[in-house]
Amino acid sequence: MSNAVVGFFVSLNSNLDEEVSIPKLHVTEGENVFGRDSIVLKDKRLSRRHISLTASSNGSAELLVEGTNPVVVTSGDVRKKLYSREKVKIRHGDVIELIPGHHYFKYVALGGDGDPNEKGSAERNDSRKRLRQIADDEALARRLQDEAELEGCNHEQERSFTMGRQRDSKSMEDNTVEAIRSFRVPREKLPLTFRLMKVQGLPAWANASSVSIGDVIEGDVQVAVLSNYMVDIDWLVSACPKLLKIPHVLVIHGESDGAFDNMKRKKPANWIFHKPPLPISFGTHHSKAMLLIYPRGVRVVVHTANLIHVDWNNKSQGLWMQDFPWKEKNDPPKRSLFQNDLVDYLSALKWPEFTANLQATGNTKINPSFFNMFDYESAAVRLIGSVPGYHTGANMKKWGHMKLRTVLQECKFPKKFQKSPLVYQFSSLGSLDEKWMTELASSMSSGVSEDQVPLGIGEPQIVWPSVEDVRTSIEGYAAGNAIPSPLKNVEKPFLKKYWAKWKASHTGHNHAMPHIKTFARYKGQELAWFLLTSANLSKAAWGALQKSNSQLMIRSYELGVLFLPSRINSQSHGSAFSCTAVGTSSKESPRSVEATGPVSTKLVTLSWPGVENEDPSSEEVIRLPVPYELPPQPYSPEDVPWSWERRYAKKDVLGQVWPRQVQLYVSPDS
C-alpha cells in the first residue's frame, strides 16, 4: 500500500468554518488513525485511537469508531450517530463530530467537490422526506442529552442565565396566580388526576405535587416492566438505583440497532430487552409506561418522558399511576374495560415470556395474560392505545383515534360542551392535511349531551411553542431538538388558523418546553374529557382511515389515559388501595370503599374559579394540572411557530444561536 496523500482532515470551529490555527491532517491511502494524541486535543473523552479512516486512491473512505464514546457523521442532509466498532462510508465534505457537539472536522478528498454518488444522494433525500413526514418527537432528543451532559455554559453565561431566571420567577410570583401552588391531592385521590414531573431550574412553587422517577419506582418491586422509546441505562440506574435490586426487569424499547448494541453492553444481568415488531415501515415503539409488580398488587404508570436525563429534568411532562390489588381466588371471572384494554395492548407487544418467583403466587410466568390476575374494577381512566398494522372490522375500534371515537360515543356530557373547542398539545408535528385533520376532529368531537344530541364538531386549537418560547426556555434553543418540526409541516397555510401559544404562567412552566402530549375538549375552565398520551399529532401515531373508511392504518405504538367524568364512579371514589402504603390491608380492594350513592363529577383545570366539593355526596370536582392556559391565546402576527429548520441569529439565554451544528436531519439510526 502506498503512502500517497488522498485527502485531508480539516478542523472546523463552532460556526463550521476552517480553524486555521490547527494544521490540516493528511489522509493517506490505507488506514489512518486519529485520536487525542495525533490531533493534539486535551480532551480525555477522546481515545488515543478514537477513529480510523481507511481511504482509497480515489478519495473514498470508511470511518470506524475505535474509541468508547460515540461519533457523529453528517453527510449531506443525514446526521448519523455511530457507537464503538460501528462503520460508515464517508465522502468529500462530510463533517465528523469526534464527540457529539464537539471537535468538528471535515473530510476533504483531493479533487473532490461534489457528490460522486448521485444515486446515494437521491436515496438520502428520499429517506429524509420520509423522516420529515413521520417527524418523530424523539429523533433528536438523544443529541440534546449528549449536549447537556458534555457541555455546560461558561461561568459568565451561567450567572447571567441564573439571574434572568430569578427575575423571571419573581415576575411570575408577583403577576400571576400560582394555581399549582395549592394543588394538593390526597393519596387516595391520586388515580383521579395526573401530576407534572419535577423540572430543574423552576421556582419551588412550580414543582408543587410534582414527581420524580424515585417517587414512582419505590417499595418492594419484584418485577418491573419499563416501556419506552429511548433508554439511557447509565442515567436510569443512577436516577433510580433501586432498579438494580429488582429481581426481574423487562425493558420494552424503540431504540435503533446501534443504540441497542450500546445498551446491551451496559445491561445488568437480570434485565431483558425487547423491541416490539414494527410491521409497517417508519413506525416506532413510542409508548411510555411502567408495570410494577408488588407482593400486594400491581402499579400501572402511564407517562410522557423518555428514560433519559433531559426528559425527567428539563421538560414539561405528565404522569398518571394507579395501584390495583390481586384478585381474590374465589372472585367470579369477570373482566373490566381497563383490563381488556391493558391485556390487549400488552399482547400486541409480543415480549418473551419469563418466569419470576413472586411472593403472592410462587413461580409464575410473566406474559400479557399474567396481568389478568389483578382487580382493575376501580380504574379511574380508560386506556387509549395505538398498535401498528392495518386494522379492519372490530379491530378498527380498538386502536388509535377510532378507539377514542368509540369510547366517547358511549359517553354523555353536559350541554355546555356542544360545539365547544378542542385543544391539541404535543411535541412533534407530522405531515398533515386538511382531510385528516377533519377525520381526527370527528373522532375527538364524538359523544352526546344529556338529551342525546350529538356534541358536534369542535374547532381544534394547536398549542405549540413559538421561536421566542424556545429561545427563552431553560435550555435555550437546545430545547428545540426535542420539538421536531420541519418547515414544510409548520408552514402549511391551513394550519395558521389553529396556532395557539404555549402559556403556562399558572403552573410556572412557561420556560420548561413541553414534551407532554395532551388532547382535550373544554369550555372555559371545565373539561369534557382529557387525554394524557405519548401520541403526537401525526397519522403514524393516531392512524389514518383507508379504503373508504373500512381500514385504519397505524405505524407506531402509543399509549395514553383518558379522564372521563363518567369513569369516576362510586367504586373509584375515595379509593384507598396502595401497593406501598404501610398500614392498609392487602385484602382491601377499592371496591370496598364506596360512596353512599351515584356521584356527579366534574373535571376542571387548576384555574377553575368555583368552590370544589361543597357537597361531596352530590358532586365531586376533580382538578387536572393542565400545564398550559385555557383557553389558549391565538398567535399574534409577531409569533412564529418553532421549526428546527430555520436559522436564528438572536442569541438564546445561554448565548447561543441556532443551529449549533451543521445539519438538523438524522437517520433512523441516530
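Which strand pairs with E30 in the antiparallel sense over 3 bridges? In this predicted model, the partner is strand E29, formed by residues 544-546. Within that pairing, leucine 545 stands opposite leucine 552 of E30. The two strands form a hairpin with 4 residues between them, and lysine 547 in this hairpin takes a positive phi near 50 degrees. Strand E30, residues 551-554, is also joined to strand E21 (residues 389-392) by 4 bridges, and E21 and E30 run antiparallel. Here tyrosine 390 stands opposite methionine 553 of E30.

The side chains of E30 were examined for burial on each face. In a regular strand, side chains alternate between the two faces of the sheet. In E30, Gln551 and Met553 lie on one side and Leu552 and Ile554 on the other, and all of them are buried.

An open sheet of 7 strands was found elsewhere in the model, with the order E11-E17-E16-E15-E12-E13-E14 and mixed pairing. Its edges are formed by strand E11 (195-196) and by E14, each of which has a single partner strand, so one side of each is left without a neighbour in the sheet. Inside this order, strand E16 (residues 297-303) and strand E17 (residues 318-325) pair in the antiparallel sense over 7 bridges. Valine 298 stands opposite phenylalanine 324 of E17.

The UniProt record, an unreviewed entry, lists His286 and His515 under "active site". These positions span 230 residues in sequence, yet no two of their C-alpha atoms are more than 12.8 Å apart, so they gather at one spot. Histidine 286 lies in the loop between strand E14 (271-274) and strand E15 (289-293). Histidine 515 is placed in the loop between strand E26 (499-500) and strand E27 (517-523). Histidine 286 has a relative accessible area of 1% and is buried. Histidine 515 likewise counts as buried, at 1% relative accessibility.

Under "binding site", the unreviewed UniProt entry lists Lys288 and Lys517. They too span 230 residues in sequence, and because no two of their C-alpha atoms are more than 11.5 Å apart, they gather at one spot. Lysine 288 is in the loop between E14 and E15, which is also the loop that holds histidine 286. At 0% relative accessibility, lysine 288 counts as buried. Lysine 517 is found in strand E27 and counts as buried, with a relative accessibility of 0%. The side chain of lysine 517 makes a polar contact with the side chain of serine 427, at 3.2 Å.

Helix H8 comprises 13 residues, 337-349. At 1.5 Å a residue the helix should span 18 Å, and its end C-alpha atoms are 19 Å apart, which agrees. An α-helix has 3.6 residues a turn, so residues three or four places apart point the same way. The buried residues of H8 are Phe338, Gln339, Asp341, Leu342, Val343, Tyr345, Leu346, Ala348 and Leu349. Lysine 350 follows the helix and has a positive phi, near 55 degrees.

Threonine 364 belongs to strand E19, residues 362-366. With a relative accessible area of 9%, threonine 364 is buried, since burial is set at under 20%. Its side chain makes a polar contact with the side chain of threonine 361 at 2.5 Å. When residues up to four places away in sequence are not counted, threonine 364 touches Phe354, Thr355, Ala356, Leu358 and Phe370.

Cysteine residues were also considered. A disulfide is a covalent bond between the sulfur atoms of two cysteines. The structure holds 0 disulfides. Cysteine 411 counts as buried at 6% relative accessibility, and cysteine 579 counts as buried at 5%.

Technical notes: Residues are numbered from 1 along each chain as its sequence is written. This is a predicted model: local features need pLDDT of at least 70, side-chain atom pairs count only at pLDDT 80 or more; totals for chains, interfaces and linings use all residues. Side-chain values use heavy atoms; hydrogens and water are left out. The expected span of a helix is 1.5 Å times one less than its number of residues. Buried means under 20% relative accessible area, exposed over 50%, partly exposed in between (1.4 Å probe, protein chains only). UniProt positions are given in the numbering used here, feature names are shortened, and annotations may be inferred rather than shown by experiment. Two strands pair if DSSP finds at least two bridges between them. A polar contact is a pair of N or O atoms within 3.5 Å; within protein, one must be able to donate a hydrogen and the other to accept it, and residues adjacent in sequence count only if both atoms are side-chain atoms. Contact means heavy atoms within 4.5 Å. A disulfide is a pair of cysteine sulfur atoms within 2.5 Å.
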